[in-house]
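Subject: Structure handover

Hello,

Here is the structure for you to look over. My notes on it follow below.

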Amino acid sequence: MSVHVLRIMQQTPFNQDLSCRTLIGCGIFICALLSLNGCSTFSSKTPSSKVAQFKQDASVGSEDISIAAVGLVGVPYRYGGNNPKAGFDCSGLIGYVYLKSANIKLPRTIQEMSSKGKNVGDQAPAPGDLVFFNTTGDKYSHAGIYVGKGRFVHAPSSGGTVRLEQIESPYWANRFTEVRRLVSNPQ
């Protein structure tokens with residue numbers, strides 16, 4: 001028993017058996033409350049069900065795409081930009097990375113890119129997959145390249161730079177549309 005509890009027991013005239021049972025009961029009650037509180041803390045941190053598939057990654061042999069995308073983090077945003085010297089907008093970044101690392105020529109706009117490859121549905125995404133977002137009211141108004149562990153690279157907006165983001169952050173999770181895979185598994 002703690003020193004504080006022993007002092008209280010010595011200063012208070014009551015039945016010793018009753019006080020021990022009471023203290024043990026209180027201890028069990030406090031432990032139960034802490035356990036329940038711990039469980040509720042974990043459950044309140046679950047991600048949106050829209051992006052739940054990002055808890056696991058698949059591998060389809062397209063890691064070169066994600067590595068190339070991460071290598072461009074920090075390049076300035078430029079509307080219409082499609083190379084590292086001039087800067088990138090979101091579709092320019094994706095087109096550049098796919099052409100340079102996978103020799104795949106993609107259409108210039110996000111709307112056109114959204115019809116390429118296949119929707120992975122609720123399957124685990126793979127590095128190199130395209131992630132699409134609704135940022136302006138259109139189902140396919142922004143996109144990035146998934147690089148694994150719930151992260152994607154994209155060219156977000158004017159005045160910014162190419163950056164690495166968490167797809168489970170509230171902003172992106174609420175705007176997530178779908179994942180599309182352009183590179184298949186080379187089995």
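Helices (H or I, at least four residues) and strands (E, at least two) are DSSP runs, numbered from the N terminus. On that basis the chain has six helices and eight strands. From the N terminus, the order is α-α-α-β-β-α-α-β-β-β-β-β-α-β.

This is a predicted model: local features need pLDDT of at least 70, side-chain atom pairs count only at pLDDT 80 or more, and totals for chains, interfaces and linings use all residues. Residues are numbered from 1 along each chain as its sequence is written, and side-chain values use heavy atoms, with hydrogens and water left out.

Chain totals:

- Of the 187 residues, 36% are buried (under 20% relative accessible area, 1.4 Å probe, protein chains only).
- The accessible surface is about 11,000 Å² (Shrake-Rupley method, 1.4 Å probe). Carbon and sulfur atoms hold 56% of that surface.
- Take contacts (heavy atoms within 4.5 Å) between residues at least 6 apart in sequence: 57% join residues at least 24 apart.

α3 (residues 63-70) packs on α4 (residues 90-102) at about 130°, with the axes 9 Å apart. Axes are lines fitted to C-alpha atoms over the stretch in contact, and angles run from 0 to 180 degrees between N-to-C directions. D64, I65, A68 and A69 of α3 meet V97, Y98, S101 and A102 of α4.

Best regards

Key: Buried means under 20% relative accessible area, exposed over 50%, partly exposed in between (1.4 Å probe, protein chains only).
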